[in-house]
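Hi everyone, thanks for making time for this. I'd like to walk you through a structure that may be new to you, so please bring it up on your screens.

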Amino acid sequence: MLTHQSQIHARGRQALLHEPAGGDPDKLTLVKALGSLVWDEAGKEYIDCTAQAWSNNLGANDPRVIEAAIEQTRQITHARPTFHTPVLLELAELMVSIAPRGLDRVGFTLHGSMAVEMALKLAMRNRPDAQHIAILHDAYHGRSLTTMAASWPHPGNVFGVLQPRFLRLPRPDLYRPRANLTSAEDTDLSLQLIRDILAKGTEGPVAALIYEPIQGNGGHNVFSTRWHRGIREICDEHGIMLIIDEVQTGLGRTGRMWASDYYGIDPDVLVFGKGVGGGFPLAGVLAKRRYAKFLAGDDQLTFGQFPIALAAGLAAVRAIIADDLCARAAENGKYATQRLLEMQQRHPLIGDVRSPGLMVSIELVRDRISKEPATTESHRVFELAQERGVIFGESRYGGLGNLIKIKPPLDISREHLATALDVLDEVLTIVEGEGQERFHDH
Ligand code: PMP
């Protein structure tokens, strides 16, 4: 017998525009979160290794953030961008103080996608003669029409008619370098190809090059310091604005405040989002002072400087600093990575273990030599872990699907992190056993 409430929920699932028809039976309905834990409507508890799209760098529902948001709600909830609010000015001052050196201006908005668009507009405002904006293969910069076009091609893209065209540049792959090359050689070749494209493959100047210091949705692709340095040199040679998209890597995730600090990158513009809001929607752009500011009307959105999100962000960033979450991410990341490397010795499915900090993933492969993606096995690992109360991240985007992502809140307790890794160990054994059975059946 369905209760009245579950009947309403069932009808709600049917009504949602973003659900497959009939609703996704696997999709949990979350009712509560605290720190690294979430609970579903049946009261079942889970360790959340996704930090809800890697956004709760500070554990969920931190009382400092909640109180700040409530207090702000009592004062003023909404002010249009033609006005300032105290939280806007205080967070602006704080963001500039923690930014990589030289980034001393900041703008706010609510979503990472809109922050990326803000950065692209800033590039065009400052280089109106330029015809192009460059992105990397396997990039992910969001889901607005423009940022979607700036991302890995969308399977069966029906939006193209209204999307801008980006200059797509090759990138090295440290796990699968181009045929017969070492990863260092692949990095050098990619840089050389980019130089060739900029010299001979485009018409007119390039306003900006945007990339993620570690590609997230495109497959947890890590780059070497040599690559980051090479890209900076290329941008300098051509007068290209270098935009670093730290929506996923920022606010302590890598064990430093910014991946730019971790890799020694010198961005002209940095995009932030996710973790900055302490669980509230907040994102923005940091930029060098030498760029012209936006003119009135260039980038004004009704809720772009939403006081409640800004107050939550101010409290979250202060907490990230006070609790030294960068150090926590580094320690927890080291522990997780060591355990995963140890598991890799015993589990043939684990092809690669990736970090840094608490930006951790494993790539599952059917064979360590051919590196054939173990896609169905990965989904099985995800499912079995969820049954056991651990939610891992999956890579379902763009036909990837063989990554298991372990990116919990940076302040996850050692006990919860250990339990999540124990469950991973257990379910890998099960899935490897199932693979053996399938093998013998044939
Ligand atoms: N850039 C990167 C690197 C991201 O990972 C994301 C979100 N996954 C975005 C931009 C877009 O952010 P949002 O979903 O908040 O628009």
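This is a predicted model: local features need pLDDT of at least 70, side-chain atom pairs count only at pLDDT 80 or more; totals for chains, interfaces and linings use all residues.

Let me start with a term: strands here are DSSP runs of E with at least two residues, and they are numbered from the N terminus. With that in hand, look at the loop between strand 13, residues 350–354, and strand 14, residues 360–364, where you will find Pro356. The peptide bond that joins Ser355 to Pro356 is cis, with omega at about 15 degrees.

Between helix 2, which is 51–54, and helix 3, which is 63–75, sits Asn61. Its phi is near 55 degrees, a positive value in a residue that is not glycine.

Now let's stay with helix 3 and bring in a partner. Helix 10 covers residues 307–322, and its axis comes within 8 Å of the axis of helix 3, the two crossing at roughly 150 degrees. Angles over 145 degrees count as roughly antiparallel, and therefore that is the word for helix 3 and helix 10. Their crossing is right-handed.

Here is another pair of helices to find on your screens. Helix 7 is residues 183–200 and helix 8 is residues 225–238; their axes are 10 Å apart, and the packing angle is about 15 degrees. How do helix 7 and helix 8 run, roughly parallel or roughly antiparallel? Anything under 35 degrees counts as roughly parallel, so helix 7 and helix 8 are roughly parallel to each other. The crossing of helix 7 and helix 8 is right-handed.

Finally, let's turn to the ligand.

An N or O atom in the side chain of Ser113 is 2.6 Å from an oxygen atom of the ligand. For Asp245, a side-chain N or O atom is 2.7 Å from a nitrogen atom of the ligand. In the side chain of Lys274, an N or O atom is 3.0 Å from a ligand nitrogen atom. As for cover, the ligand taken alone exposes 400 Å², and the protein buries 83% of that.

That's my tour, and I'm happy to take questions.

Key
Residues are numbered from 1 along each chain as its sequence is written. Side-chain values use heavy atoms; hydrogens and water are left out. A polar contact is a pair of N or O atoms within 3.5 Å; within protein, one must be able to donate a hydrogen and the other to accept it, and residues adjacent in sequence count only if both atoms are side-chain atoms. Accessible areas come from the Shrake-Rupley method with a 1.4 Å probe; for residues, only the protein chains shown count as cover. Axes are lines fitted to C-alpha atoms, for helices over the stretch in contact, and angles run from 0 to 180 degrees between N-to-C directions. Helices (H or I, at least four residues) and strands (E, at least two) are DSSP runs, numbered from the N terminus. Angles under 35 degrees count as roughly parallel, over 145 as roughly antiparallel, 65 to 115 as roughly perpendicular and the rest as oblique. A crossing is left-handed if the near helix is turned anticlockwise from the far one by less than a right angle, and right-handed if clockwise.
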